[in-house]
Amino acid sequence: MTQALNHETRAYTGIVLERIKHLPPGGKMGDLPPHLQHESFVRTGAKKTGGPNMRLLRLEHDKPALTVTAYIFNKFVHPQEDRYLTPREAASLQDFPVDYAFMGTQGQVHQQIGNAVPVKLGKAIATEVANYFVKQGQTGVIKIASYFCGAGGLDLGFEQASTDTIQFKTCFSTDIEEPVEKTIRKNRSEWNFQRADIRALDPEQVSQGMGCNPDVIIGGPPCQPFSVAGKQKAIHDPLGVLYRDYIQHIDYLKPKMVVMENVYGLAQVKAANMVAEIYQSFADIGYAVTHCELMAADYGTPQKRRRLFFVAARDLDGFRFPEPTHSEYENLLGLPRYVGAGEILATLPPARLKP
Ligand SMILES: C[S@@+](CC[C@H](N)C(=O)[O-])C[C@H]1O[C@@H](n2cnc3c(N)ncnc32)[C@H](O)[C@@H]1O
(Lines give C-alpha, C1' and ligand atoms only; values in the text may rest on other atoms or scores of the structure.)
Protein backbone atom coordinates (compact mmCIF):
# COMPACT_ATOMS: atom_id res chain seq x y z
CA MET A 1 0.00 0.00 0.00
CA THR A 2 1.15 3.56 -0.63
CA GLN A 3 1.71 6.02 2.19
CA ALA A 4 -0.98 8.45 3.26
CA LEU A 5 -0.75 12.16 4.16
CA ASN A 6 -1.05 13.33 7.79
CA HIS A 7 -0.42 9.75 8.87
CA GLU A 8 2.56 9.82 11.23
CA THR A 9 2.78 8.26 14.64
CA ARG A 10 5.58 7.94 17.16
CA ALA A 11 6.93 5.15 19.30
CA TYR A 12 5.36 5.40 22.74
CA THR A 13 7.35 4.33 25.80
CA GLY A 14 7.15 4.16 29.60
CA ILE A 15 3.88 4.47 31.48
CA VAL A 16 2.00 5.77 28.41
CA LEU A 17 2.81 2.59 26.51
CA GLU A 18 2.02 0.45 29.58
CA ARG A 19 -1.41 2.04 29.87
CA ILE A 20 -2.13 1.62 26.18
CA LYS A 21 -1.00 -2.03 26.20
CA HIS A 22 -3.32 -2.85 29.10
CA LEU A 23 -6.34 -1.25 27.45
CA PRO A 24 -8.88 -3.73 26.02
CA PRO A 25 -11.07 -2.71 23.04
CA GLY A 26 -13.62 -0.21 24.38
CA GLY A 27 -11.55 0.12 27.57
CA LYS A 28 -11.07 3.43 29.41
CA MET A 29 -8.67 4.75 32.03
CA GLY A 30 -10.91 3.32 34.76
CA ASP A 31 -10.49 -0.20 33.33
CA LEU A 32 -6.72 -0.17 33.88
CA PRO A 33 -5.08 -1.76 36.91
CA PRO A 34 -4.99 0.91 39.66
CA HIS A 35 -1.20 1.37 39.49
CA LEU A 36 -1.49 2.42 35.83
CA GLN A 37 -4.32 4.92 36.26
CA HIS A 38 -3.37 8.57 35.89
CA GLU A 39 -3.15 10.41 39.21
CA SER A 40 -5.87 12.81 38.04
CA PHE A 41 -8.20 9.82 37.77
CA VAL A 42 -9.51 10.17 41.31
CA ARG A 43 -12.73 8.53 42.21
CA THR A 44 -14.43 10.41 44.99
CA GLY A 45 -17.83 10.55 46.67
CA ALA A 46 -20.33 7.84 47.54
CA LYS A 47 -20.92 6.96 43.89
CA LYS A 48 -17.19 6.76 43.22
CA THR A 49 -17.47 9.06 40.26
CA GLY A 50 -15.47 12.11 39.36
CA GLY A 51 -12.44 10.74 37.57
CA PRO A 52 -11.85 11.79 33.96
CA ASN A 53 -12.39 8.21 32.83
CA MET A 54 -12.71 9.31 29.23
CA ARG A 55 -9.13 10.47 29.12
CA LEU A 56 -8.07 7.26 27.41
CA LEU A 57 -10.19 5.09 25.16
CA ARG A 58 -9.35 2.18 22.88
CA LEU A 59 -11.57 2.19 19.80
CA GLU A 60 -13.37 -0.98 18.74
CA HIS A 61 -13.34 -2.75 15.42
CA ASP A 62 -17.08 -3.00 14.92
CA LYS A 63 -18.43 -0.03 16.90
CA PRO A 64 -18.34 3.64 15.89
CA ALA A 65 -15.89 5.93 17.70
CA LEU A 66 -17.08 8.56 20.14
CA THR A 67 -17.08 12.16 18.87
CA VAL A 68 -13.85 13.24 17.21
CA THR A 69 -12.68 16.63 18.51
CA ALA A 70 -9.36 18.49 18.37
CA TYR A 71 -8.54 16.89 21.73
CA ILE A 72 -8.74 13.17 20.99
CA PHE A 73 -5.16 12.86 19.80
CA ASN A 74 -3.72 11.74 23.14
CA LYS A 75 -6.91 9.94 24.07
CA PHE A 76 -8.22 7.69 21.29
CA VAL A 77 -6.11 4.53 20.98
CA HIS A 78 -5.98 2.46 17.79
CA PRO A 79 -8.16 -0.70 17.99
CA GLN A 80 -5.27 -3.13 17.49
CA GLU A 81 -2.01 -1.19 17.53
CA ASP A 82 -0.53 0.16 20.77
CA ARG A 83 -0.54 3.85 19.86
CA TYR A 84 -2.78 6.89 19.62
CA LEU A 85 -4.57 7.77 16.37
CA THR A 86 -2.86 9.71 13.61
CA PRO A 87 -4.59 12.78 12.10
CA ARG A 88 -5.32 10.70 8.99
CA GLU A 89 -7.14 8.11 11.08
CA ALA A 90 -9.19 10.80 12.82
CA ALA A 91 -9.98 12.29 9.40
CA SER A 92 -11.19 8.86 8.25
CA LEU A 93 -13.55 8.75 11.22
CA GLN A 94 -14.87 12.04 9.81
CA ASP A 95 -15.21 10.38 6.33
CA PHE A 96 -12.54 12.55 4.63
CA PRO A 97 -11.03 10.97 1.49
CA VAL A 98 -7.58 9.47 2.09
CA ASP A 99 -5.91 11.87 -0.36
CA TYR A 100 -7.37 15.03 1.25
CA ALA A 101 -4.44 16.98 2.77
CA PHE A 102 -4.72 18.98 5.99
CA MET A 103 -2.33 21.92 6.13
CA GLY A 104 -0.78 23.76 9.07
CA THR A 105 0.89 22.91 12.35
CA GLN A 106 -0.08 19.77 14.22
CA GLY A 107 -2.49 21.72 16.43
CA GLN A 108 -4.08 23.47 13.44
CA VAL A 109 -4.55 20.15 11.65
CA HIS A 110 -6.15 18.64 14.77
CA GLN A 111 -8.48 21.64 14.97
CA GLN A 112 -9.59 21.43 11.34
CA ILE A 113 -10.30 17.70 11.59
CA GLY A 114 -12.10 17.98 14.94
CA ASN A 115 -14.26 20.91 13.75
CA ALA A 116 -15.52 19.29 10.59
CA VAL A 117 -18.97 18.05 9.73
CA PRO A 118 -18.60 14.34 8.85
CA VAL A 119 -18.71 14.12 5.07
CA LYS A 120 -21.39 11.40 5.01
CA LEU A 121 -23.62 13.45 7.31
CA GLY A 122 -23.16 16.41 4.96
CA LYS A 123 -23.95 14.14 2.03
CA ALA A 124 -27.17 12.90 3.68
CA ILE A 125 -28.42 16.48 4.16
CA ALA A 126 -27.24 17.50 0.68
CA THR A 127 -29.15 14.61 -0.89
CA GLU A 128 -32.34 15.97 0.65
CA VAL A 129 -31.45 19.48 -0.57
CA ALA A 130 -31.07 17.98 -4.06
CA ASN A 131 -34.49 16.29 -3.74
CA TYR A 132 -35.95 19.65 -2.72
CA PHE A 133 -34.57 21.40 -5.81
CA VAL A 134 -35.84 18.64 -8.09
CA LYS A 135 -39.32 18.98 -6.54
CA GLN A 136 -39.10 22.73 -7.14
CA GLY A 137 -38.33 22.00 -10.79
CA GLN A 138 -34.68 23.14 -10.66
CA THR A 139 -32.00 20.78 -11.96
CA GLY A 140 -28.40 21.15 -13.23
CA VAL A 141 -25.71 23.13 -11.40
CA ILE A 142 -26.62 24.41 -7.94
CA LYS A 143 -24.16 27.11 -6.85
CA ILE A 144 -23.02 27.14 -3.25
CA ALA A 145 -21.44 29.85 -1.11
CA SER A 146 -19.76 28.25 1.89
CA TYR A 147 -19.22 30.28 5.06
CA PHE A 148 -17.11 29.19 8.07
CA CYS A 149 -16.00 26.42 5.75
CA GLY A 150 -13.15 25.03 7.88
CA ALA A 151 -11.54 22.00 6.25
CA GLY A 152 -14.63 21.63 4.08
CA GLY A 153 -16.38 18.55 5.48
CA LEU A 154 -19.85 19.92 4.75
CA ASP A 155 -18.80 21.02 1.25
CA LEU A 156 -17.39 17.59 0.46
CA GLY A 157 -20.74 16.15 1.52
CA PHE A 158 -22.48 18.38 -1.03
CA GLU A 159 -19.88 17.49 -3.67
CA GLN A 160 -20.48 13.77 -3.06
CA ALA A 161 -24.27 14.19 -3.23
CA SER A 162 -24.05 15.40 -6.85
CA THR A 163 -25.84 13.24 -9.41
CA ASP A 164 -26.62 13.41 -13.12
CA THR A 165 -29.66 15.50 -12.19
CA ILE A 166 -28.14 17.92 -9.69
CA GLN A 167 -24.51 19.06 -9.53
CA PHE A 168 -23.56 20.95 -6.40
CA LYS A 169 -20.69 23.35 -7.01
CA THR A 170 -18.99 25.38 -4.27
CA CYS A 171 -18.31 28.64 -6.14
CA PHE A 172 -17.20 30.68 -3.13
CA SER A 173 -15.80 29.62 0.23
CA THR A 174 -14.57 31.64 3.16
CA ASP A 175 -13.14 31.32 6.66
CA ILE A 176 -11.03 33.50 8.93
CA GLU A 177 -8.15 31.03 9.42
CA GLU A 178 -4.96 30.93 7.35
CA PRO A 179 -4.37 27.15 7.73
CA VAL A 180 -7.93 26.59 6.51
CA GLU A 181 -7.10 28.70 3.45
CA LYS A 182 -4.05 26.50 2.78
CA THR A 183 -6.09 23.31 3.16
CA ILE A 184 -8.85 24.44 0.80
CA ARG A 185 -6.47 25.87 -1.80
CA LYS A 186 -4.42 22.66 -1.73
CA ASN A 187 -7.40 20.32 -2.19
CA ARG A 188 -10.08 22.32 -3.98
CA SER A 189 -8.69 25.48 -5.63
CA GLU A 190 -11.96 25.63 -7.62
CA TRP A 191 -13.88 26.46 -4.45
CA ASN A 192 -12.66 30.06 -4.88
CA PHE A 193 -11.55 30.54 -1.28
CA GLN A 194 -11.32 34.04 0.14
CA ARG A 195 -9.98 34.42 3.65
CA ALA A 196 -12.01 36.92 5.65
CA ASP A 197 -13.49 37.69 9.01
CA ILE A 198 -17.22 37.64 8.32
CA ARG A 199 -17.53 40.83 10.34
CA ALA A 200 -15.48 42.60 7.64
CA LEU A 201 -16.82 40.73 4.61
CA ASP A 202 -19.17 42.63 2.31
CA PRO A 203 -21.83 40.34 0.78
CA GLU A 204 -21.33 42.22 -2.49
CA GLN A 205 -17.79 40.73 -2.56
CA VAL A 206 -19.39 37.29 -2.40
CA SER A 207 -21.74 37.84 -5.33
CA GLN A 208 -18.95 39.51 -7.33
CA GLY A 209 -16.57 36.64 -6.50
CA MET A 210 -19.18 34.16 -7.72
CA GLY A 211 -20.38 36.20 -10.66
CA CYS A 212 -23.96 35.66 -9.42
CA ASN A 213 -25.89 35.07 -6.23
CA PRO A 214 -25.65 31.62 -4.61
CA ASP A 215 -28.51 29.11 -4.86
CA VAL A 216 -27.51 27.70 -1.49
CA ILE A 217 -25.57 29.12 1.45
CA ILE A 218 -24.04 26.52 3.76
CA GLY A 219 -22.12 26.74 7.02
CA GLY A 220 -22.81 27.60 10.59
CA PRO A 221 -21.35 30.43 12.66
CA PRO A 222 -19.41 28.98 15.58
CA CYS A 223 -20.99 29.49 18.95
CA GLN A 224 -19.68 32.56 20.70
CA PRO A 225 -19.36 32.08 24.40
CA PHE A 226 -21.25 34.74 26.28
CA SER A 227 -18.01 36.19 27.62
CA VAL A 228 -16.88 37.16 24.11
CA ALA A 229 -19.79 39.46 23.49
CA GLY A 230 -19.69 40.79 27.01
CA LYS A 231 -22.36 40.06 29.56
CA GLN A 232 -24.60 43.02 28.79
CA LYS A 233 -24.63 42.36 25.07
CA ALA A 234 -25.08 38.64 25.57
CA ILE A 235 -28.37 39.19 27.37
CA HIS A 236 -29.71 41.17 24.45
CA ASP A 237 -28.08 39.15 21.70
CA PRO A 238 -27.66 35.52 22.75
CA LEU A 239 -26.86 34.37 19.21
CA GLY A 240 -23.80 36.58 18.94
CA VAL A 241 -22.41 38.95 16.42
CA LEU A 242 -21.15 36.36 13.86
CA TYR A 243 -24.65 34.99 13.56
CA ARG A 244 -26.06 38.48 12.93
CA ASP A 245 -23.51 39.07 10.16
CA TYR A 246 -24.38 35.70 8.63
CA ILE A 247 -28.08 36.61 8.59
CA GLN A 248 -27.23 39.93 6.93
CA HIS A 249 -25.37 38.07 4.18
CA ILE A 250 -28.34 35.75 3.66
CA ASP A 251 -30.69 38.71 3.51
CA TYR A 252 -28.48 40.43 0.91
CA LEU A 253 -27.71 37.38 -1.24
CA LYS A 254 -31.19 35.81 -0.99
CA PRO A 255 -30.25 32.15 -1.59
CA LYS A 256 -33.04 29.68 -2.26
CA MET A 257 -31.89 27.57 0.67
CA VAL A 258 -29.63 27.84 3.72
CA VAL A 259 -28.09 24.87 5.54
CA MET A 260 -26.69 25.93 8.88
CA GLU A 261 -24.93 23.63 11.29
CA ASN A 262 -23.54 23.86 14.80
CA VAL A 263 -24.88 27.25 15.75
CA TYR A 264 -24.14 26.56 19.37
CA GLY A 265 -22.85 23.70 21.47
CA LEU A 266 -25.50 21.16 22.24
CA ALA A 267 -24.83 21.67 25.95
CA GLN A 268 -26.20 25.15 25.52
CA VAL A 269 -29.38 23.99 23.85
CA LYS A 270 -30.92 24.20 27.29
CA ALA A 271 -31.46 27.80 26.27
CA ALA A 272 -34.45 26.71 24.19
CA ASN A 273 -35.24 30.32 23.43
CA MET A 274 -32.14 30.39 21.20
CA VAL A 275 -33.97 28.11 18.78
CA ALA A 276 -36.93 30.50 18.88
CA GLU A 277 -34.52 33.40 18.25
CA ILE A 278 -33.11 31.66 15.19
CA TYR A 279 -36.61 31.08 13.84
CA GLN A 280 -37.45 34.73 14.48
CA SER A 281 -34.31 36.10 12.84
CA PHE A 282 -35.02 34.06 9.69
CA ALA A 283 -38.69 35.06 9.74
CA ASP A 284 -37.57 38.69 9.89
CA ILE A 285 -35.82 38.27 6.52
CA GLY A 286 -38.65 36.25 4.98
CA TYR A 287 -37.41 32.67 5.46
CA ALA A 288 -39.14 29.64 6.98
CA VAL A 289 -36.91 27.35 9.08
CA THR A 290 -36.90 23.76 10.23
CA HIS A 291 -34.34 22.09 12.47
CA CYS A 292 -33.28 18.63 13.51
CA GLU A 293 -30.56 16.96 15.54
CA LEU A 294 -28.86 14.30 13.44
CA MET A 295 -26.52 11.49 14.45
CA ALA A 296 -23.63 10.94 12.02
CA ALA A 297 -23.49 7.17 12.65
CA ASP A 298 -27.07 6.91 11.32
CA TYR A 299 -25.67 7.84 7.88
CA GLY A 300 -22.66 5.50 7.75
CA THR A 301 -20.02 7.62 9.54
CA PRO A 302 -17.94 5.41 11.88
CA GLN A 303 -18.51 7.90 14.68
CA LYS A 304 -21.19 8.91 17.16
CA ARG A 305 -21.47 12.63 16.61
CA ARG A 306 -24.65 14.63 17.06
CA ARG A 307 -25.10 17.88 15.21
CA LEU A 308 -27.94 20.34 15.06
CA PHE A 309 -29.00 21.42 11.58
CA PHE A 310 -31.21 24.32 10.58
CA VAL A 311 -32.53 24.47 7.03
CA ALA A 312 -34.20 27.64 5.76
CA ALA A 313 -35.98 28.58 2.56
CA ARG A 314 -38.74 30.96 1.55
CA ASP A 315 -40.92 27.91 1.02
CA LEU A 316 -39.86 24.72 2.79
CA ASP A 317 -42.62 22.55 1.29
CA GLY A 318 -40.94 19.50 -0.14
CA PHE A 319 -37.93 19.49 2.20
CA ARG A 320 -37.47 16.76 4.77
CA PHE A 321 -34.50 15.70 6.87
CA PRO A 322 -32.80 12.45 5.81
CA GLU A 323 -33.95 9.09 7.17
CA PRO A 324 -31.20 6.98 8.80
CA THR A 325 -29.44 4.53 6.50
CA HIS A 326 -27.71 2.62 9.35
CA SER A 327 -28.81 1.39 12.74
CA GLU A 328 -27.14 0.73 16.09
CA TYR A 329 -29.14 -2.46 16.65
CA GLU A 330 -30.74 -5.24 14.66
CA ASN A 331 -33.85 -3.69 13.19
CA LEU A 332 -37.03 -4.51 11.37
CA LEU A 333 -36.22 -2.14 8.52
CA GLY A 334 -33.25 -4.28 7.54
CA LEU A 335 -30.82 -1.35 7.79
CA PRO A 336 -27.14 -2.28 8.00
CA ARG A 337 -25.49 -1.89 11.41
CA TYR A 338 -23.38 1.16 12.32
CA VAL A 339 -19.97 1.17 10.65
CA GLY A 340 -17.17 0.30 13.09
CA ALA A 341 -14.16 2.58 13.67
CA GLY A 342 -11.75 -0.34 13.22
CA GLU A 343 -13.40 -1.37 9.95
CA ILE A 344 -12.52 2.02 8.43
CA LEU A 345 -9.06 2.28 9.99
CA ALA A 346 -8.20 -1.14 8.54
CA THR A 347 -8.58 0.31 5.05
CA LEU A 348 -5.71 2.80 5.61
CA PRO A 349 -2.05 2.16 4.78
CA PRO A 350 0.29 1.64 7.76
CA ALA A 351 1.18 4.80 9.72
CA ARG A 352 4.71 6.16 9.29
CA LEU A 353 6.90 6.24 12.36
CA LYS A 354 8.26 9.73 13.07
CA PRO A 355 12.06 9.69 13.06
C1 LIG B 1 -17.06 24.40 13.11
S2 LIG B 1 -15.89 25.10 12.00
C3 LIG B 1 -16.58 24.73 10.44
C4 LIG B 1 -16.39 23.33 9.97
C5 LIG B 1 -16.87 23.09 8.56
N6 LIG B 1 -18.29 23.33 8.43
C7 LIG B 1 -16.52 21.67 8.08
O8 LIG B 1 -17.43 20.89 7.84
O9 LIG B 1 -15.32 21.32 7.96
C10 LIG B 1 -16.16 26.82 12.19
C11 LIG B 1 -15.24 27.72 11.39
O12 LIG B 1 -15.58 29.08 11.60
C13 LIG B 1 -14.42 29.85 11.41
N14 LIG B 1 -14.59 31.20 11.99
C15 LIG B 1 -14.57 31.53 13.31
N16 LIG B 1 -14.75 32.85 13.46
C17 LIG B 1 -14.88 33.39 12.21
C18 LIG B 1 -15.08 34.71 11.71
N19 LIG B 1 -15.17 35.75 12.54
N20 LIG B 1 -15.18 34.89 10.38
C21 LIG B 1 -15.06 33.83 9.53
N22 LIG B 1 -14.87 32.56 9.94
C23 LIG B 1 -14.78 32.33 11.27
C24 LIG B 1 -13.34 29.03 12.09
O25 LIG B 1 -12.06 29.36 11.61
C26 LIG B 1 -13.77 27.59 11.76
O27 LIG B 1 -13.03 27.07 10.68
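User: Leaving aside neighbours within four places in sequence, which residues is Asn-187 in contact with?
Analyst: This is a predicted model. Asn-187 belongs to helix α6, residues 178–187. With neighbours up to four places away set aside, the contacts of Asn-187 are Tyr-100 and Ala-101.

User: Is Asn-187 buried, exposed or partly exposed?
Analyst: A buried residue needs 20 or more other C-beta atoms within 10 Å, and an exposed one has 12 or fewer. Asn-187 has 19 such atoms, so it counts as partly exposed.

User: Which residues does Ser-327 touch, not counting those up to four places away in sequence?
Analyst: Ser-327 sits in the loop between β10 (306–313) and α12 (341–345). Because it has 16 C-beta neighbours inside 10 Å, Ser-327 is classed as partly exposed. Its C-alpha is separated by 9.1 Å from that of Val-339, 12 residues apart along the chain. Beyond four places in sequence, Ser-327 touches Leu-335 and Arg-337.

User: What is the handedness of the β-α-β crossover from β4 to β5?
Analyst: Strands β4 (residues 140–146) and β5 (residues 166–175) run parallel and are joined by seven bridges. One of the pairings sets Gly-140 against Ile-166 in β5. The chain passes from β4 through helix α5 (residues 153–160) to β5, and this crossover is right-handed.

User: Which residue in β7 stands opposite Ala-145?
Analyst: β4 also pairs with strand β7 (residues 216–218), in the parallel sense and over three bridges. The residue of β7 opposite Ala-145 is Ile-217.

User: What does Val-258 touch, not counting residues up to four places away in sequence?
Analyst: Val-258 is one of the core residues that touch the most other members. Setting aside residues up to four places away, Val-258 touches Ile-217, Ile-250, Tyr-287, Val-311 and Ala-312.

User: Which residue just after α11 takes a positive phi?
Analyst: Helix α11 has 12 residues, 273–284, and reaches 16 Å from its first C-alpha to its last, close to the 16 Å expected. Just after this helix, phi is positive, about 90°, at Gly-286.

Methods. Residues are numbered from 1 along each chain as its sequence is written. This is a predicted model: local features need pLDDT of at least 70, side-chain atom pairs count only at pLDDT 80 or more; totals for chains, interfaces and linings use all residues. Helices (H or I, at least four residues) and strands (E, at least two) are DSSP runs, numbered from the N terminus. The expected span of a helix is 1.5 Å times one less than its number of residues. Two strands pair if DSSP finds at least two bridges between them. A crossover is right-handed if, with the strands pointing away from the viewer, the path from the first strand over the helix to the second runs clockwise. A nonpolar core is a set of buried Ala, Val, Leu, Ile, Met, Phe, Trp, Tyr and Cys residues joined through C-beta atoms within 7 Å. Two residues are in contact if their C-beta atoms, placed from the backbone, lie within 7 Å.
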